[in-house]
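Here is a short briefing on one protein model. Keep the structure open while you read, and find each residue as it comes up.

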Amino acid sequence: LLELIHEDISGIKIGLQYITQRSPEEIRELSKFKKPIFYDGKFFDIKNTLVESVKSLKNLNINYATVHLLNGLDALKTANQAAQEINVNLLGVSVLTSLSDEDLESLGFRDKVGDQVKRLIQIAMEANLHGVICSPIEIKMIKKIAPKLKCFTPGIRMDNTKDDQKRTMSANEAIKEGSDYLIIGRPITKGNPKENIKNILSSID
């Protein structure tokens, strides 16, 4: 797939399916495409394990890595220091785009999605993270609270298909909201990737 589309994209995201099936050597080899590598491991664990997991990324030639903001301020500060020492930019996952207000309530959270994201963004800002993973719906709110945080935006859908995503927008809408980076998976990979990318780009004003 990357051989086919690497000239049409601005970065490469590797998720859990890729990470769990590939060796460190294979991950390192992705740097041959000369694109930023985004390691989407969504680390979430006790402080020591979190920090050691970040340190383990040292020789993978990656540029970005994700951690859950629910790790808490203290753990995130230490993890971010470890990441900076190996030139990796940490991105904090706020609330997954597959979750709704009802989902949070069923999990025991008292806040609705918007309020929970706001609470987590304060933590990301205090931990001095490079950016956050957020749905397009929360971008404007985040930019008001923490204008220096980069917004990486999943939940991009080009039609009314939402599949397992609940908080979505089109690429054009997300950019207008202020997204710094769009994270696009299935709308590219399902069907003809080259044609899909062309259609996405042509949809942007």
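The points below go through the sheet, its crossovers, the aromatic rings, the cysteines and a few single residues.

This is a predicted model. Its 7 strands form an open sheet in the order 1-2-3-4-5-6-7, and the pairing is parallel. Strands of a sheet pair through backbone hydrogen bonds, either parallel or antiparallel.

**The sheet and its edges**

- Start at the edges, where strand 1 (12-14) and strand 7 (181-182) stand.
- Each of these two strands has a single partner strand, so one side of each is left without a neighbour in the sheet.
- Now look at strand 4, which covers residues 89-93. It is mostly covered, as 4 of its 5 residues are buried.
- Helix 4 (residues 47-55) lies across strand 2 (37-43), strand 3 and strand 4. The helix runs at about 165° to strand 2.

**Strand by strand**

- Strand 3 (residues 64-68) and strand 4 run parallel, joined by 5 bridges. Alanine 65 stands opposite leucine 90 of strand 4.
- Strand 4 also runs parallel to strand 5 (residues 131-133), with 3 bridges between them. Here glycine 92 has valine 132 in strand 5 as its bridge partner.
- Strand 5 and strand 6 pair in the parallel sense too, over 3 bridges. Valine 132 turns up again: its bridge partner in strand 6 is cysteine 151.
- Strand 6 (residues 150-153) pairs with strand 7 in the parallel sense over 2 bridges.

**Crossovers**

- How does the chain get from strand 5 to strand 6? It crosses through helix 8 (residues 139-145), and this β-α-β crossover is right-handed.
- Strand 3, helix 5 (residues 73-85) and strand 4 also make a β-α-β unit, and that unit is right-handed.

**Aromatic rings**

- How many aromatic pairs does the model hold? The count comes to 4.
- One of them joins phenylalanine 152 and tyrosine 181. The ring centres are 4.4 Å apart, with 20° between the planes. The pair counts as stacked because planes under 30 degrees apart are given that label.
- This pair links distant parts of the chain. Phenylalanine 152 is in strand 6 and tyrosine 181 is in strand 7, 29 residues apart.
- Are the two residues buried or exposed? Phenylalanine 152 is buried, at 3% relative accessibility. Tyrosine 181 is partly exposed, at 33%.
- Both belong to one aromatic cluster, made up of Phe38, Tyr64, Phe152 and Tyr181.

**Cysteines**

- How many disulfides are there? The count is 0.
- Cysteine 134 is in no disulfide, and its nearest cysteine sulfur, that of cysteine 151, is 3.9 Å away. Cysteine 151 is likewise in no disulfide, with the sulfur of cysteine 134 as its nearest, 3.9 Å away.
- Cysteine 134 is buried, at 1% relative accessibility. Cysteine 151 is buried as well, with a relative accessible area of 0%.

**Histidine 68**

- Find histidine 68 in strand 3.
- Histidine 68 has a relative accessible area of 13%. The residue therefore counts as buried, since the cut-off is under 20%.
- What does histidine 68 contact, leaving aside its neighbours within four places in sequence? Its contacts are Lys42, Phe43, Phe44, Leu76, Val93 and Leu96.

**Glycine 114**

- Glycine 114 has its place in helix 7 (residues 113-126).
- This glycine is partly exposed, with a relative accessible area of 32%.
- How far is glycine 114 from serine 179? They are 65 residues apart in sequence and 16 Å apart in space, C-alpha to C-alpha.

Key:
Residues numbered from 1 in each chain as written. Predicted model: local features only at pLDDT ≥ 70, side-chain atom pairs only at ≥ 80, totals over all residues. Heavy atoms only, no water. Disulfide = S-S within 2.5 Å. Buried < 20%, exposed > 50% of the residue type's maximum accessible area, 1.4 Å probe, protein only. Pairing = 2+ DSSP bridges. Right-handed = clockwise from strand over helix to strand, strands pointing away. Contact = heavy atoms within 4.5 Å. Axes fitted to C-alpha atoms, helices over the stretch in contact; angles between N-to-C directions. Phe/Tyr/Trp six-rings, centres within 6.5 Å; stacked < 30°, edge-to-face > 60°.
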